[in-house]
Amino acid sequence: LTNRPTVACVATVSDCFLLCLPKAKFDQLIMTHQSILELVSSLYDERDAANAAVVSHAREAEIDIVLV
């Protein structure tokens, strides 16, 4: 969505399936299935806002290192 490199760490409480797609396939998927693009965009916005809040709090508290 942002064309920036990403890294994800995933922990689950039960068995699950993980889908890994090359960027070209992901782009094709979200362009042909609007609902998936909307869902992924919404999740991105929520997580980005949560991360920004953590960083903002760390700056206010003068914390030098924050991992999000």
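Predicted model: local features only at pLDDT ≥ 70, side-chain atom pairs only at ≥ 80, totals over all residues.
Modeller: Residues are numbered from 1 along each chain as its sequence is written, and side-chain values use heavy atoms, without hydrogens and water.

Biologist: How many helices and strands are there in the protein?
Modeller: Helices (H or I, at least four residues) and strands (E, at least two) are DSSP runs, numbered from the N terminus. The count is two helices and zero strands.

Biologist: At what angle do α1 and α2 pack?
Modeller: Axes are lines fitted to C-alpha atoms, for helices over the stretch in contact, and angles run from 0 to 180 degrees between N-to-C directions. Helix α1 spans residues 23–32 and helix α2 residues 34–60. Their axes lie 5 Å apart, at an angle of about 110°.

Biologist: Which word describes how α1 and α2 lie to each other?
Modeller: Under 35 degrees is roughly parallel, over 145 roughly antiparallel, 65 to 115 roughly perpendicular, and the rest oblique. α1 and α2 are therefore roughly perpendicular.

Biologist: Which residues in α2 do those of α1 meet?
Modeller: Contact means heavy atoms within 4.5 Å. From α1 come Phe-26, Leu-29, Ile-30 and Thr-32. In α2 they meet Gln-34, Ile-36, Leu-37 and Val-40.

Biologist: Which helix gives the largest share of the lining of the largest pocket?
Modeller: α1 and α2 each supply at least two residues of that lining. The largest share, eight residues, comes from α2.

Biologist: What box do the C-alpha atoms of the protein fill?
Modeller: The box is taken along the principal axes. Its dimensions are roughly 45 × 30 × 20 Å.
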